[in-house]
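Here is a short report for a reader new to this structure. Look at the model first, then read on.

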Amino acid sequence: MIVKKPHMLLPAKGVDLFKWSVIACDQFTSEPEYWQELEETVGGEKSTLSLIYPEVYLGKESGRGEKIRAAMREYLQEGVFESYEGYILVDRTCSDGKHRLGIMAEVDLEKYDYEASSRTPVRATEMTVVERLPVRIEVRRGAPLELPHIMMLMDNRDNFMRELFMLRGKTVYDTPLNMGGGHLTGYELNCTEKIDAYMKELEERAAEQGEGSIVFAVGDGNHSLATAKACWEELKATLSKEELKDHPARYCLCEIVSVQDPALVFEPIHRVVFDKGGFVDFAAGRLKGSGSCVMISGGVRRLISVPADPAQAIADIQAAIDAYIEREPDCGADYIHGAYNAEQVAQRSGGTAVIMPLITKENLFSCVKSRGTLPRKSFSMGEGRDKRYYFEARLIDKEKNIYGAERSKEQK
C-alpha cells in the first residue's frame, strides 16, 4: 500500500507547545523580520525551530545543517520526545477561523516521483526546482529525524474526513499556534482498519482509471518530499532486499488532506521581480492572450495581457521572469504569499509585484494528469500563516530506534 499508519515522535509532557510548533521553512522568505520575531518568541525553549532550516537564511549561514542534526541528537538524548503509533486526525483552525482536517500517515517513496513526466500514483503538482534540493539534502543526509510540512491531497468527494472526525478519540495534543497561525489539535483515531481499507480503495479506484492516474497529489512541501526521495535513492543502494522492505527512510511522514475540504482555499503565489523598474515593459512585449494580470511598479498598476488559461498564463509569466533575469543577471525574483505582501515587498525593494492568476482546486487533479506538473509555485493552499506548522517528528535512522523505550499511546 502507498499509505500506512505512522510511528511518530511527539513532544513530551512539559514542552511548551506554543513555542514548540513553528511554520513551514519555505514561508516568509522575503520577510526576515517574521523569523526574527519568531526567534524572540521561542527564546531558548525546546522548539522545532532548532530542527529546521528556514529558507530566509539559505546562502547566508554556514554549518547550519550540522547544527540541526546536533539539535536532533540532543533532543533524542534528553527525552524531549515520546513515541506515538497510529493515525492521528489533525484539526487545524486557520487564521480565518475555518477548520481544516487531515490525517497523519507515512507515504511510500517508491510510489512517488517528482519528474515532470512522472506517471506514479503519488505525483508532484508543480515543477520541482532541483537546484533547491542540495541544501535540503545536506540537512537530511545523516539526520536521525524528519519533520514534515508536507500536505498530500486526495480527491475524495464522500466526506470521509468528516466521518473520521465523528469517530475521533481522545485529544493527543492541543495548542494555539504562534505568530497568528490559528490553533492545532490532534485526535486519536481508533479505526486503523477502516482507514487502511479506504486508502486501499483509493488505490484500486485509480488503477481502474488506467496508467497515469493520481492517488495522491503533493499540495505543499514537494521539495521536502523530493529531498526525502533523493536521500532514499542514495541509501537504498546500500541495503539488502530485506532492509529495503521496511527501512524507515523508505517512507515520509505527511498530512493527507482532502482537496474538497471547504477550509482548503487555493491562492495564487505572486512574484516580486527585483528589477529597478524595467520588467513591466519587458513582460508587456512578450506576453499575449485574452486574459490579464496586474503588475505594480513604483506605485503604478498596469494590466498586462496573458493567456486566459491560468496554467498557461503562469507558465508564460514565469518564462518571462526567467528570461528577464537571464538578460539582467543583477536582478532576481521571489515568491510571495498574499497580494498585499507582494506589493509591500516590491515597494520596499523598488521592484515589481506580479499579481498571478489562480488555478482552481476543482481542476487540479485532471489538470496535472492531462498536462503533467504545473509551473513551479503555481498555487498555494491558503495564506502564509495558514501553512502547515511543524509538530510531529519521525525517526528515519534505523540505528537510533528508541521506540521501545518510549511510551506508546496505550500507556498514556
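## Helix 2 and what covers it

Helix 1 is among the elements that cover the buried residues of helix 2. Helices (H or I, at least four residues) and strands (E, at least two) are DSSP runs, numbered from the N terminus. Buried means under 20% relative accessible area, exposed over 50%, and partly exposed in between, with a 1.4 Å probe and protein chains only. The model is predicted: local features need pLDDT of at least 70, side-chain atom pairs count only at pLDDT 80 or more, and totals for chains, interfaces and linings use all residues. Residues are numbered from 1 along each chain as its sequence is written, and side-chain values use heavy atoms, with hydrogens and water left out.

Which residues of helix 2 are buried? They are Y34, W35, L38 and V42. These residues sit on the same side of helix 2, because they cover an arc of only 90° around the axis. The arc is that of the directions from the helix axis to the C-beta atoms. Just after helix 2, G43 takes a positive phi of about 60°.

## The nonpolar cores

A nonpolar core is a set of buried Ala, Val, Leu, Ile, Met, Phe, Trp, Tyr and Cys residues joined through side-chain atoms within 4.5 Å. The largest one holds 46 residues, and W35 and F81 touch the most other members. Six elements are named here, each with at least two residues in this core: strand 2 (7-11), helix 1 (17-20), helix 2 (32-42), helix 3 (64-77), strand 3 (81-85) and strand 4 (88-93). Helix 3 gives the most, with five residues.

Contact means heavy atoms within 4.5 Å. Neighbours within four places in sequence are left aside in what follows. W35 is in contact with I23, A24, C25, Q27, F28, L49, I52, P54, V56 and Y57.

R64 belongs to helix 3. Its relative accessibility is 15%, so R64 counts as buried. Leaving aside neighbours within four places in sequence, R64 is in contact with L49, I52, Y53, P54 and Y57.

## Cavities

A cavity is found on a 1 Å grid over the protein atoms alone: it is a set of points where a 1.4 Å probe fits but cannot get out, and lining residues have an atom within 4 Å of a point. Grid points are joined across faces, edges and corners, and a volume is the space filled by probe spheres set on the points. How many cavities of 30 Å³ or more are there? The count is three. Of its 24 lining residues, R136, V139, R140, L147 and S224 are the closest to its centre. Helix 4 supplies the largest share of this lining, four residues. The lining has 17 nonpolar, three polar and four charged residues. Here Ala, Val, Leu, Ile, Met, Phe, Trp, Tyr, Cys and Pro count as nonpolar, Asp, Glu, Lys and Arg as charged, and the others, Gly among them, as polar.

The second largest cavity has a volume of about 260 Å³. It is lined by 23 residues, with D26, E126, G221, N222 and K377 nearest its centre. This lining divides into five nonpolar, 10 polar and eight charged residues.

Key: 1 Å grid on protein atoms, 1.4 Å probe; cavity = no way out; pocket = protein on both sides within 12 Å on 5 of 7 lines; lining within 4 Å.
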